[in-house]
Structure formats: structure tokens, C-alpha cells
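Please consider the model shown here.

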Amino acid sequence: MKISDAQVIITSPGRNFVTLMVTTDDGVTGLGDATVNGRELAVASYLRDHVAPLLIGRDPHRIEDTWQYLYKGAYWRRGPVTMAAIAAVDMALWDIKGKVAGLPVYQLLGGASRDGVLVYCHASGSDIPELFDSVERHLELGYRAVRIQSAVPGLGKIYGAGPGVSSGRYEPAGRGAAPSEETWDTGAYLRHIPGVFEKVRERFGPDLPLLHDAHHRLTPIQAARLGRDLEPYDLFWLEDVTPAEDQEALRLVRQHTTTPLAIGEVFNSIFDCERLIRERLIDYIRVAAVHAGGITHLKRIFALAELYGVKSGSHGPTDVSPVTMAAATHLDLAIPNFGIQEHMRHEPLVDEVFPHAYRFDDGYLHPGDEPGLGVRIDTERAARYPYEPAYLPVNRLADGTVHDW
Ligand code: GCO
Ligand code: MG
């Protein structure tokens, strides 16, 4: 069996997705996600111009060898563009292997270690009543763990929460020729958030697992203070407190708080989180299959994490395609150290372009039992939604300084 074709499909059913479709000479197809939010065409070119020609004629069953060939063979290693391109090839080859074997990918990964994959949803509001409504709506849908984001008085719209943002549907941030800009004030944020959690705990009780994302906006000592201030509200995790490239920052945070820490959605490789895991500076590693080298590389990261008692918490926002959600769900079901899975619902239009076997039921996702990853792409529908430039917002302080987020 040989790979005979590799096509890049760009579609924008409400937001942009880059998909690799690999076809074998037997007519088996596999799908991989290559979407890097706001930088989509860079990965599309990497795949089209530099990777697709190398795939033709290769044995699709040699997943590990292909991964090493693309990673070591390029000489230029790591980074979101390279690793998303490798991830797309990797997912497509796992998909093909599953289809040829007649087995869902989780069976190839060792079989189910649990009955379903616990997920958390996004609740947010511009004030407390709006936030409560958002939490209630998600509980009615069956969610058993909720990420809480809130607007901050005095600040305008901030990413993930704010006036006009309802029920976590804040993506995409802006479609147009340039990113929108937001204004940030860490002091106002640190003063406001603990009170929000106090009210959420009063209203929803002590048992509901609550999460919060600080979007890399804090210094280590500010993050330590937030972790400490949130201790009475017993968070499941506090996410991305400091800029992710500074692994050492988490040590200081760790020394000051018992609030569990999660990080990793912008990591691309095991080398980005090796120290965090080995030195037990985090509790959850949040890598995404698409941005960190696919199923093959995530397996490796989660296996390292298992040795140190760190659990998985894969990134699953609406800017990764259903192909990544499927890859994550197969892994989540199989690995021993699964923690939780992020689940932001895609718009119905996205699910129409990418019909999928994974399903949400009563707070859990299950990848389904279709051979392979269990996701298809309706290429005719996909073609109806051409690429549109879209960016994530840029964050500035009141004096105009560009700030982390
Ligand atoms: C999350 C994330 C997302 C990212 C987005 C960037 O925890 O879901 O922080 O909202 O900001 O994926 O493209
Ligand atoms: Mg996040």
C-alpha cells in the first residue's frame, strides 16, 4: 500500500480550518487537522509546497518513521507551523491505519481505559447574572465541569469574556484585515476575579468542578497571588497564568499556592514541557494534537507525564477542527493518565462540513466506533466557504504597551 495523493483543503464555515487529506493507491483516505488560528496559510503552504510531494509513494503504515522523517529530516525543528504540518500527516496516517484495520483509533492505542471522556465547557458573562445564566445553560446541556470567565469592571471587551459575549462563543475575535485591539489592566483583573468565584461557589455549591484561564497575562508573583486568592474556591485548575515559554516562572507560582496549575496549549513539543513535568511544576499538560505533532507526539508527552503524576487536559477550543477533537478523544479514552478534555461546541455549520462519530452525552465525550478517527469532510460543502483573513486580538495596556495574553 502506498500514498498516492495528499491534498490541502482550506475551508471557512464561520472560521478557518486547514485539513490534509491523504489518499492511498487502494482508495483509503485519512484526514489530519493543520489549523493554526490566525496563521492558517503558512501551514497550508508548508504542507502543499514542502511535505505533500514527499508523501507520495510512502507506505502509510509507517507512522513513526514518517514522523521522524518529517521532524529530523527538515533540520528546522519544532515551532507551531512545522509541528501542525507534521501533526496533520500523523493524524491522517492513524486514520488510514484504523480504516485498514477496521478499528477505531483508540483500539490501536491500547483500547479504552474508561467509558467516556470527562469534558469541561466555557461559561462567561459580562456580569454575574449573565455568567450564572451561562453556567445554568451548560449544566442543562449535561456538562459536569465548567470554565468560568468574566468581564472585568472598567475594562472593555477582553478576550474570552465581556460585553456582548454570551455562552463562551467568543471566537473568532475579529474577521478583517487587521487584529482588533483590547485594553488590559492586571490590577483590576486580580481584584475582581476572586469575588466572581466566591459568588459562583455560593450559587452552584462546592461540588461542581470549576476552571479558569488567565491567558498568559500575569507575572509569576501576580500569578502566585491569584492562585492563593482562589484557594478557598477549590479550582479544578488555573490555566496559563504566565507566558508559556518561561517554564521557570511556574516554580515561583508553585511555591506559593496549592491551586492546581495547567499549561500547554501553545506548546509544540515535549521539550516545551519536559522540565515542567519532570519537576512537577504543573498538574495538567494541555497540549493539542494539532499544535504538538499529532497523536504520535502527544502519546510521548502523556507517557512522560504519567511517570510524574501529571494528567492530560488537551486543548479543545473551536479553532481546532473536529479532526483534532476526534484525535484528542481517542487518546483521552486510551491513556492511563487522562485528566479532563476541553470542549467548546463547534457551530452546526462546522459539524455539517466535518460530520463526525464522536458524541457528547451527559458530560462525557466518546470517540465512537467507526474505523479510524471517525471524521469525514464534505468537500462540496467545504468549497462553499472560502478562506477569509481572521486574527486573534492584540492586547495592550492603557499606555499602549503590547501585553502578553
Ligand atoms: C482555551 C484557549 C483558546 C485560545 C485559542 C487561540 O483555553 O480554549 O485559551 O481560547 O485562546 O485557542 O487560538
Ligand atoms: Mg486557554
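The points below describe the model by topic.

This is a predicted model, in which local features need pLDDT of at least 70, side-chain atom pairs count only at pLDDT 80 or more, and totals for chains, interfaces and linings use all residues. Residues are numbered from 1 along each chain as its sequence is written, and side-chain values use heavy atoms, with hydrogens and water left out.

**Confidence**

- The protein chain has a mean pLDDT of 95, and 96% of its residues reach 70 or more; pLDDT is the predictor's confidence in each residue, from 0 to 100.
- Helices (H or I, at least four residues) and strands (E, at least two) are DSSP runs, numbered from the N terminus.
- Over residues 163–168 pLDDT stays under 50, and the model has 18 contacts for them beyond four places in sequence; contact means heavy atoms within 4.5 Å.
- Where pLDDT is low, the predicted coordinates should not be read in detail.

**Domains and their interface**

- The protein chain is divided into domain 1 (3–103) and domain 2 (108–370), with bounds that come from an automatic or database domain assignment.
- The C-alpha centres of the two domains lie 26 Å apart.
- In domain 1, 32 residues are in contact with 32 residues of domain 2.
- About 2,500 Å² is buried between the domains, and carbon and sulfur atoms give 63% of this area. Buried area is the accessible area (1.4 Å probe) that two parts lose on being put together, summed over both.
- The rule finds 2 salt bridges across this interface.
- On the side of domain 1 that touches domain 2, β2 (17–24), β3, α2 (63–73) and α3 (80–101) each supply at least two residues. Helix α3 gives the most, with 10 residues.

**Salt bridges**

- The structure holds 20 salt bridges, each a side-chain nitrogen of Lys or Arg within 4 Å of a carboxyl oxygen of Asp or Glu.
- Glu64 pairs with Arg300 in a salt bridge, their closest N and O atoms being 3.0 Å apart.
- Lys99 forms a salt bridge with Asp95, with the closest N and O atoms 3.7 Å apart. Because these residues are 4 residues apart in helix α3, about one helical turn separates Lys99 and Asp95.

Technical notes: Chains are lettered from A and ligands numbered from 1 in the order in which they are written.
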